[in-house]
Amino acid sequence: MTASADAPKKVEWFATRRSLVLGAMGVMGLGAGGAVVEHVWKKKDMTARLFNPFSLARFELPPVEGLLDASGKPLPGLSSADLAGKRCLLNFWASWCPTCRDEHKHLMALAKRNLAPIYGVDVKDPPARARYFLAKYGNPFAAVGADTETYVQRALGARGVPATFVIGPGPIIEWSTYEGLTEAVVDREIAPRLGRGPSLPAGGERG
């Protein structure tokens, strides 16, 4: 009687222990999997940067196919020559990016202030989607380059969109953010820098 009464307890204890062991192994497996993914991503990112044909001082992006300016003329692509010796704003965006949609109104408001040219880099976007985005939300850009392979994005250390850089003057990055723009950030960080003119004064602040 005693042996048969004890048997279910042993089975239950074994099942519980086995569940704990399997659960621990599962957690370890997830951790190892996450580490592998992180390692692969870092290796991919490092490879893309080491063998990147572009830099801020040397790049050329084609225009977004079919994108027109306000006068109906094709909007040009973007190259390092557009930034050379010039103070300007460089914004990386994509139609599929919710944060890009949220920040776009601040770019439009900034463009109306005419402090400096604003250039756009459209990242991994079908041309039709990019055209629809700018038609719906407005186009603050003097030129837009299509970064279909994310070469320029990665050359500047950005892993995603949005990303915004104050170039002052090109090819020097004076200030940058990988967060979505807000009115406060534009007024505090971007507008004062763009308003300085083509170059920084001696001892000027670096972001």
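1. Asp-125 is buried, with a relative accessible area of 10%; buried here means under 20% relative accessible area, exposed over 50% and partly exposed in between, with a 1.4 Å probe and protein chains only. The model is predicted, so local features need pLDDT of at least 70 and side-chain atom pairs count only at pLDDT 80 or more, while totals for chains, interfaces and linings use all residues. Residues are numbered from 1 along each chain as its sequence is written, and side-chain values use heavy atoms, with hydrogens and water left out.

2. Asp-125 sits in the loop between β4 and α4. Helices (H or I, at least four residues) and strands (E, at least two) are DSSP runs, numbered from the N terminus. Leaving aside residues up to four places away in sequence, Asp-125 touches Trp-93, Ala-94, Ser-95, Trp-96 and Ala-130; a contact means heavy atoms within 4.5 Å. Ser-95 is 30 residues from Asp-125 in sequence, yet the two C-alpha atoms are 6.8 Å apart. Their side chains are joined by a polar contact of 2.7 Å. A polar contact is a pair of N or O atoms within 3.5 Å; within protein, one must be able to donate a hydrogen and the other to accept it, and residues adjacent in sequence count only if both atoms are side-chain atoms.

3. Lys-124 is found in that loop between β4 and α4 as well. Its phi is near 50°, a positive value in a residue other than glycine. Thr-150, in the loop between β5 (143-147) and α5, also has a positive phi, near 60°. Thr-150 is buried, at a relative accessible area of 10%.

4. For the chain as a whole, the secondary structure comes to six helices and seven strands. From the N terminus on, the order is α-β-β-α-β-α-β-α-β-α-β-β-α. Of the 207 residues, 37% are buried. Among contacts between residues at least 6 apart in sequence, 73% join residues at least 24 apart. The accessible surface comes to about 12000 Å², of which 61% belongs to carbon and sulfur atoms; such areas come from the Shrake-Rupley method with a 1.4 Å probe, and for residues only the protein chains shown count as cover.

5. Strand β4 is mostly covered, with six of its six residues buried. In a regular strand the side chains alternate between the two faces of the sheet. In β4, Ile-118, Gly-120 and Asp-122 point one way and Tyr-119, Val-121 and Val-123 the other way. β4 pairs with β3 in the parallel sense over five bridges, where pairing requires that DSSP finds at least two bridges between the strands. Within this pair, Phe-92 stands opposite Val-121 in β4.

6. Helix α3 (residues 98-111) has 14 residues and reaches 21 Å from its first C-alpha to its last, close to the 20 Å expected at 1.5 Å a residue. The expected span is 1.5 Å times one less than the number of residues. α3 bends by about 35° at His-104, the bend being the angle between axes fitted to the seven residues ending there and the seven starting there.

7. Which residues of α3 are buried? They are Cys-100, Glu-103, His-104, His-106, Leu-107 and Leu-110. An α-helix has 3.6 residues a turn, so residues three or four places apart point the same way. The cover over the buried residues of α3 includes β3 (88-93), β4 (118-123), α4 (127-137), β6 and α6 (183-194).

8. Strands β6 (residues 163-167) and β7 (residues 173-177) run antiparallel and are joined by four bridges. They form a hairpin with five residues between them, and Ile-167 stands opposite Ile-173 in β7. Pro-169 lies in the loop between β6 and β7, and the peptide bond from Gly-168 to Pro-169 is cis, with omega near -25°. Another cis peptide bond runs from Val-161 to Pro-162, with omega near 0°; Pro-162 is in the loop between α5 (151-155) and β6.

9. Arg-87 is in the loop between α2 (80-83) and β3 and counts as buried at 3% relative accessibility. The side chain of Arg-87 makes a polar contact of 2.5 Å with the side chain of Glu-174. A polar atom of the Arg-87 side chain also lies 3.4 Å from the backbone oxygen of Arg-193.
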